[in-house]
Amino acid sequence: MDSTTPSSEFTLIDTHGFKKNKKVKRVLPDWLAKPTVVSVDLKHLEVPIDGIPELDPALVQKLKNKGCTHFFPVQNQLVPWIIKTQKHWDYRWLRDLCISAPTGSGKTLSYVLPIIQTLKTFSRHQLRALIVLPTKDLAVQVYKVFLYYIKNAFDLRVLLLESKNMTLEKEKERIVQYDSSIGWIDLVDIIVTTPGRLVDHLYYTEGFSLKNLRFLVLDEADSFTNILQNEWLHKVNDSLAYNGPTKCTLNTLNDSPQRTQRLLFSATLTQDPEKLKFLKLFEPKLFTSIIKRKNTQLPTDTTGTDEPVRGDFVGKYTTPKELKEYMVLCPEENKPLTLYHLIRSKGLKRVICFVKSKIEVHRLTRLLCKLSEFDTNNSPLRVNEISSDVTQKAHSGYIKQFSNGKIDVLICTDSLARGIDIELISCVILYNVPKYPKNYIHRIGRTARAGHKGKAITFVTPEHKELFENVLNSAGKTSLKNMKVDISDLEQYEQMYIDALKAIKTESTQKPKTVSKRRLKKKKQLKK
Ligand SMILES: Nc1ncnc2c1ncn2[C@@H]1O[C@H](COP(=O)(O)OP(=O)(O)OP(=O)(O)O)[C@@H](O)[C@H]1O
């Protein structure tokens, strides 16, 4: 039988009626599908710094002293919203908020200001706001912001947990005090912390209570959505005075309304309802940014009400409008010289370069320093490194020097990728292709902050081109402009490169072997 012609002995089922199934559109719950849209335009600002009447004049003055003339969009939408709703805390359940806005768009102030404004009216100290951040560096950064806006203006106490030279015991003494006539009393109003230290206090500090908490802020909230890695959230939930309801029903009408309001912030906030479920949000409200890309229209309702269409655009991350993104295609072995060439030929200053491991951070830093040493045609390049191998003191020192323009290039691991706000970084270089879209968004987000211009350049090897395209795709981006670097451009550095490698090798072999004190002691004992 001819295999191409169907045999008449067989009945062929439904050869003509075959229709390709329509792609199933994901249907999101209403709060995710119909968010309040936050503008990403930080150039044309509409609300002047004294344009939010709910804000205390002292806060406005402090904003002015910092040089702020207008509120950023996320701030002018959130600050009055939170202040107004908090006024109903005693008799109405407050909705929880999720905020997804680009890196550097001013999310920190959008919760710092309303928290201070709300708490300043209370006459006695009581822990009413808890701010949790994934890393110590970020906690320090946010603590400093609170400190600046409170200092000499309001009788509020803010405490940073796990700060320098502060033991758990000392912290306990600053959080609560025992009074024989009243019992335990709170000594602070606001705590800024990482999850680890918070849990220590929840377990071991007698009298430490979250029962009066009005605000629970999870900054960089998408770091906390993995249930298995974040069991501490269950402990926090259990410690709050009132957890429910998650839904407003007839049965819950008689429940006490005094429930902690959760505020979730991130530039890459998950919009997966399953992942958000264990955070036990009540009637959540989403504020999110979207970017109108070329040749695309923002989805609008067919009724013409300008309402976003269900699930069409949520879930895409947005990046600052002022950010220009490029990629450089180059083989792995050419990366060091390509980096050096880009810095020199484009006169790049205040550059942060993300590298995948601390060993690579150290190697690349040494190499750039040596190249600069052998480069007689250019002024010295000031390069330094930040990784977990660098002490906390040196780390803060390098950041300071970098901000003051005393360091040109900082080579670092991902420890600086999230949330860290360093002034005027002009260029971010991604030495390796990131594995996930979130890594990409946060790394490039260290530049082009607060409406300033910035460049992000990713080095892409031929083997990682497809991976990078997938990452861009998942981040809702199309392919990037290619920044061309010819092999012939690198030839000028070849001899320098050979000399630099030789010098590094000689230095490494000449380095006296350091013997630890313990081993020295052991040696002496053996001799005896
Ligand atoms: N209204 C304003 N006017 C001028 N500068 C502002 C204003 N609001 C915030 N900034 C500055 O913008 C910078 C970025 O703010 P912030 O760190 O809050 O960004 P973010 O949205 O939290 O970013 P990320 O997602 O990377 O953490 C900060 O240096 C801050 O001082």
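Colleague: Hi! How many helices and strands does the protein chain have?
Modeller: Hello! The protein chain has 17 helices and 17 strands. Keep in mind that this is a predicted model.

Colleague: Good to know. What share of its residues is buried?
Modeller: Of the 528 residues in the protein chain, 36% are buried.

Colleague: And what about contacts between residues that are at least 6 apart in sequence, how many join residues at least 24 apart?
Modeller: In the protein chain, 80% of those contacts do.

Colleague: Let's talk sheets. In what order do the eight strands of the open sheet come?
Modeller: The order is β1-β10-β2-β9-β8-β3-β7-β4, and the pairing is parallel. At the edges sit β1 (36-38) and β4 (158-160), each of which pairs on one side only. From one strand to the next, the twist averages 15 degrees.

Colleague: Which strand does β4 pair with?
Modeller: β4 is joined to strand β7 (residues 190-193) by three bridges, and the two run parallel. In that pair, Leu160 stands opposite Val192 in β7.

Colleague: What holds paired strands together, in general?
Modeller: Strands of a sheet pair through backbone hydrogen bonds, and they can be parallel or antiparallel.

Colleague: Now the open sheet with seven strands. What is its order?
Modeller: That one goes β13-β14-β12-β15-β16-β11-β17, again with parallel pairing. Its edge strands are β13 (383-386) and β17 (481-482), and each pairs on one side only.

Colleague: Tell me about β13. Which strand is its partner?
Modeller: β13 pairs with strand β14 (residues 409-412) in the parallel sense, over four bridges. Asn384 has Leu410 as its bridge partner in β14.

Colleague: Are the faces of β13 covered or open?
Modeller: Both are covered. Val383 and Glu385 lie on one side, Asn384 and Ile386 on the other, and all of these are buried.

Colleague: How many bridges link β11 and β16?
Modeller: Seven bridges join β11 (residues 323-329) to β16 (residues 454-460), and the two strands run parallel. Lys324 is placed opposite Lys455 in β16.

Colleague: Which helix lies across those strands?
Modeller: Helix α13 (residues 437-444) lies across β11, β12 (351-354), β15 (427-430) and β16. Relative to β15, helix α13 runs at about 150 degrees.

Colleague: What does UniProt say about residues 322-491?
Modeller: An unreviewed UniProt entry annotates them as "domain: Helicase C-terminal". Over that stretch the chain is 36% helix and 19% strand, with the end C-alpha atoms 34 Å apart.

Colleague: Switching topic: which residues come nearest to the ligand?
Modeller: Of the 18 residues around the ligand, Thr103, Gly106, Lys107, Thr108 and Ala450 come nearest. Helix α4 (residues 107-119) gives the largest share of the shell, three residues. By class, the shell has seven nonpolar, eight polar and three charged residues.

Colleague: Is Ala448 buried or exposed, and why?
Modeller: Ala448 counts as buried because 27 other C-beta atoms lie within 10 Å, and the cut-off for buried is 20 or more.

Colleague: And Lys280, where is that found?
Modeller: Lys280 is in the loop between α9 (273-277) and β10 (285-289). Phi of Lys280 is positive too, near 55 degrees. Lys280 has 16 C-beta neighbours inside 10 Å, so it counts as partly exposed.

Methods:
Residues numbered from 1 in each chain as written. Predicted model: local features only at pLDDT ≥ 70, side-chain atom pairs only at ≥ 80, totals over all residues. UniProt positions renumbered as here; feature names shortened; annotations may be inferred. Pairing = 2+ DSSP bridges. Contact = placed C-beta atoms within 7 Å. Axes fitted to C-alpha atoms, helices over the stretch in contact; angles between N-to-C directions. Near = placed C-beta within 6 Å. Nonpolar A, V, L, I, M, F, W, Y, C, P; charged D, E, K, R; others polar. Buried ≥ 20, exposed ≤ 12 C-beta atoms within 10 Å, placed from the backbone.
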